Structure formats: C-alpha cells, structure tokens
Amino acid sequence: YNLEGKTLAKGKVGIIGGGNSAIDAARVAFRYKGVDSVTVFYRRTENEMPAYKEEIEAALEEGIEIKSLVAPTKVIHKDGVLQGMEFIQNSLEGKDASGRPRPVPVKGSEFIAELDTLIVAISEQPESEYIGNLSNTKWGTLSVDKESLLTSQKGVFGGGDVVSGPNTVIEAIAAGKKAAFMIEQYLEGKSMRMPQEVVLPDIFVKPVENDVEDEGSQVRAKTPMLPVDKRMGSFAEVELAISEKDAKCEARRCMRCDLDFTQPVKN
C-alpha cells in the first residue's frame, strides 16, 4: 500500500502472525474500504506476542480481533478462490529452543474460519541466494566473527539483519558503522579489534532547575491519540504531538546521566 497505493484486502481479513508486521498489516487492512472485519491469528497467547504492547492495544481499540493459541493447518479454497482457513487449537507446554512457551496442537480441536483475504506475516529470513558460498548459521543467517564482522571469505564483511536476524534499525546502523571501521582496519593491515574507548562529551550544559510546585513535571506525558472513530477508513496520523507544556515537563524529567563525567566550563 505504501509503495503503490494498492488496496488488496476485502471482506473478512485474517492475519497469521504475532509480530509488528502482523499488527501493521491488520491495522492497514482495517482502514481499507470494503473490509468487514480483521482478525489476527497467533499460536501463543497475547502475552507472548512479540509485537509492541502499544501497537497491540491500539489494534484492539480499533476493533481488530486477536485469536490466540491457534495454528493454521489448511487453506480452504474453491476454484482458486479463498474460502477460509482451517486452524487447530494449541496449548502451551514447557519451553522451546528460544526459551518461550512451546505451543502444542490439541488433537480434535480443528475449526474453520471464513476468510476473504489471507495475509501471512510470520518469520523473516535472509535471501540466501545472495549469500553465495559464505558460511551460514543453523538459523540461516550469515556467520561472522563477532568482533571483526569478517565472514568465512577474506575481505567480505557482514552486518545487520542478515547476521543478527530481525532486529532494529539502530542495531543495523551500528553494525554498518562497525563494518566500515573494520574494513578500513583490514585494508590498512591493522588490528581487527574495536578500541575500547568511551567518547565523553566535552561541553557542560547547566541543568534546568525543577519547579517543585509543578506537580506534572515528575509525571510522564501521555501521547495524545486520534479518536478511534476518526481512524476508521483513514490513514491520518494516530499518535499526535504532545503540547509545549508537556514537552517542557518531559525535558525536566531527564536524569542527566552525563553529570557523572562532565565538569562545568570555566569562563
């Protein structure tokens, strides 16, 4: 939708998954004209969903349903047209390899959910055809030296999601900066180790004195949200800007960790 403006969802929409991509897909589909309902199907409970809590809460506010402890087993179609999805109920037993509760199918609990649109938003993995003959991990990600980011081939470095798996933009940017440093070290024949130096600020900014009478200064400002009824069928921004007063209160809440290692500049 963002790239081409296409609105493909219609009728009863089902989303398979529990991460941010699944909630994103659900909230986008919710805004399409011609969509009657949106349901997210997840194999664990809502508490185990990896999506951000605030995203899940916003989706529920908008009327999106979350069906937990269910796993897809079969796509129901007729003459190439989607009719629905067969699911089976799960129970959580023990832990899996990742340390999360392991979903186990409950025999005889199959049921069919009628759907007009099915969106699969589960898992992310590298496009291995671009990795070539480089060594991979058992998870299918690129294997690199943790310190130098060198791969199994000399002169080839790796970083970002292709190494770590799905992660944040900040982590990818950090990996890019580290790789750039290591590539320079490699080309110059220097040590392939990051220097253990802490860059400290050299400018002292005087703390702002709190107004003890301002009770709101110690309370975290709550981001105002667009009312739910105005979100329906609309792609208007949901999270609105806080007021100038709240912004000043937030600034005063800063704990100023830098004061531990900076000194006032003497005139």
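Predicted model: local features only at pLDDT ≥ 70, side-chain atom pairs only at ≥ 80, totals over all residues.
Let's start at one residue: leaving aside residues up to four places away in sequence, V38 touches V13, I15, A26, A29, F30, I64 and E65.

V38 is among the residues with the most contacts inside the largest nonpolar core, together with V13, I15, I23, V40, M49 and I64. That core has 20 residues. Which elements each supply at least two residues of this core? They are β1, α1, β2 and α2, spanning the residues below.

| Element | Residues |
|---|---|
| β1 | 11-16 |
| α1 | 20-30 |
| β2 | 35-41 |
| α2 | 53-61 |

Of these, α1 gives the largest share, six residues. Another core lies apart from this one; its nine residues include L142, F157, A179 and M182. In soluble globular proteins, nonpolar side chains tend to be buried together.

Now for the whole chain. The protein chain has six helices and eight strands, and from the N terminus on their order is β-α-β-α-β-β-β-β-β-β-α-α-α-α. Among contacts with a separation of 6 or more, 56% join residues 24 or more positions apart.

How does the overall size look? The radius of gyration is 25 Å, whereas a compact globule of 267 residues would have one near 18 Å. Along the principal axes, the C-alpha atoms fill a box of roughly 80 × 60 × 45 Å.

Buried residues make up 28% of the 267 residues. The accessible surface comes to about 18700 Å², with 52% of it belonging to carbon and sulfur atoms. Finally, the chain carries 34 positive and 42 negative charges, and their mean positions are 3 Å apart.

Technical notes. Residues numbered from 1 in each chain as written. Heavy atoms only, no water. Helix = DSSP H or I, 4+ residues; strand = E, 2+ residues; numbered from the N terminus. Rg over C-alpha atoms; globule rule 2.2 N^0.38 Å. Buried < 20%, exposed > 50% of the residue type's maximum accessible area, 1.4 Å probe, protein only. Contact = heavy atoms within 4.5 Å. Areas by Shrake-Rupley, 256 points an atom, 1.4 Å probe, with all protein chains shown as cover. Lys, Arg positive; Asp, Glu negative; His and termini not counted. Charge placed at Lys NZ, Arg CZ, Asp CG, Glu CD. Core = buried A, V, L, I, M, F, W, Y, C linked by side-chain atoms within 4.5 Å.
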